[in-house]
Amino acid sequence: MYLDKTDKIRYPFCKAIYTIGDTGMSSRKQSKYFYLFIAPWIVGFLAFTLYPLIASLFFSFTKYDAVHPATWIGLQNFINLFQDKIFFISIRQTLYYTLVSVPLGLLVSLSFAMLLNSCMRLKGMFRTFLYLPSMVTGVSLSLLWMWILNPQYGVLNYLLSLVGIQGPQWMGSKVWAVPALILMSLWGVGEGMVLFLAALKGVPQSLTEASLLDGAGWWQRFRHVTLPMISPIFLFQLIISLINSFQVFTQAFVMTKDGGPAYATTFYVYYLYKNAFANFKMGYASAMAWLLLLFTMLVALFIIKSSSKMVHYEGGANT
């Protein structure tokens, strides 16, 4: 490795990296450099992850408004939650969004990946076009879709009018608000498409050719060859999509402001945010956060355990 001693900025850092990689260096000295380089991450983890996590657990058993000192009330926050009608509405709306958007998103992203994996022309261009929208996220995406879904001059209702369909009020309708957000969630399927496409590239061609020789049709090849081979990626995508859908917040906050109409977009995390930063019920919101964490962990563990016989790993080992 060549070190340019005239480079006064990069030379000390490169020399330290080179020194750490020197096999003749003592293990004690290697440990010293190791902890030196990971120290920023450790400090960040302790200050911005571990401490807030422990603090929120403590606050979940207290009455706390961020102004006055916390008062210990035991399990009262959790008892109040199960007597809160809006709490159950937020759970219902979040599950509604999750149970529709997650399967639909997986289906669309897998369909695009299989299409691009075929011998179609200009697939590189189409892959780029399908992935680019997923790079627009957060508030900017919500503002864009506020324009698309506008009932008076929105693009979507204009396209529907061209075929003689009068578009609904979308975010102003109790019935159509959540379907509108589910439709909006398809904007980011390009990210999942890339992962599925990488998994499809790893399917052995010999298995596909063998199934063709046996007379298997398209569905049989997909069910018995393709799907088992990409099942680890499918499981990963499923769990990540579920976790993200449980935490849906930005769309409701930016596009509706109050979780309306008639609590239609009052999702769980939105209600948690409203309790914490609008009503200043920090202890109550902390209890909601820990319930969400426990529920998410249980769902993820259930999916992993129940999928042990359906997920195929290279080498034949299932978990």
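The following conversation goes through selected features of one protein chain.

Visitor: What kind of model is this, and how are residues numbered?
Guide: This is a predicted model, in which local features need pLDDT of at least 70 and side-chain atom pairs count only at pLDDT 80 or more, while totals for chains, interfaces and linings use all residues. Residues are numbered from 1 along each chain as its sequence is written, and side-chain values use heavy atoms, with hydrogens and water left out.

Visitor: How many helices and strands are there in the protein chain?
Guide: The protein chain has 14 helices and 2 strands. These are DSSP runs numbered from the N terminus, with helices being H or I of at least four residues and strands being E of at least two.

Visitor: What percentage of the residues count as buried?
Guide: Of the 319 residues, 34% count as buried. Buried means under 20% relative accessible area, exposed means over 50%, and partly exposed lies in between (1.4 Å probe, protein chains only).

Visitor: Which residues form the nonpolar patch on the surface?
Guide: Trp41, Phe45, Leu46, Leu50, Leu53, Ile54, Leu293, Leu294 and Met297 form it, with about 830 Å² of accessible area together. Areas come from the Shrake-Rupley method with a 1.4 Å probe, and for residues only the protein chains shown count as cover. Patch residues have over 30% relative accessible area and no salt bridge; like charges are joined within 9 Å, and nonpolar side chains (Val, Leu, Ile, Met, Phe, Trp, Tyr) within 5 Å. A salt bridge is a side-chain nitrogen of Lys or Arg within 4 Å of a carboxyl oxygen of Asp or Glu.

Visitor: Which helix gives the largest share of that patch?
Guide: Helix 2 does, with 6 residues. Helix 2 (27-59) and helix 14 (282-306) each supply at least two. Leu53 lies in helix 2 and counts as partly exposed because its relative accessibility is 41%.

Visitor: Changing topic, how do helix 10 and helix 11 cross?
Guide: The axes of helix 10 (residues 205-213) and helix 11 (residues 218-246) come within 10 Å and cross at roughly 170°. Helix 10 is therefore roughly antiparallel to helix 11. Axes are lines fitted to C-alpha atoms, for helices over the stretch in contact, and angles run from 0 to 180 degrees between N-to-C directions. Angles under 35 degrees count as roughly parallel, over 145 as roughly antiparallel, 65 to 115 as roughly perpendicular and the rest as oblique.

Visitor: And which residues meet there?
Guide: Leu207, Thr208, Ser211 and Leu212 in helix 10 meet Arg221, Val225 and Met229 in helix 11. Contact means heavy atoms within 4.5 Å.

Visitor: What about Ser109: buried or exposed?
Guide: Ser109 lies in helix 4 (residues 85-117) and is buried, with a relative accessible area of 3%. Leaving aside neighbours within four places in sequence, Ser109 is in contact with Val189, Gly192, Met193 and Phe196. Its C-alpha atom is separated by 6.5 Å from that of Gly190, 81 residues apart along the chain.

Visitor: Where is the cis peptide bond?
Guide: It joins Gly260 and Pro261, with omega about -5°. Pro261 has its place in the loop between helix 12 (250-256) and helix 13 (268-277). Most peptide bonds are trans, and most residues other than glycine have a negative phi.

Visitor: What is the phi of Tyr263?
Guide: Phi of Tyr263 is near 65°, a positive value in a residue other than glycine. Tyr263 also lies in the loop between helix 12 and helix 13. Ala66 has a positive phi of about 70°, and is found in the loop between strand 1 (62-63) and strand 2 (71-72).
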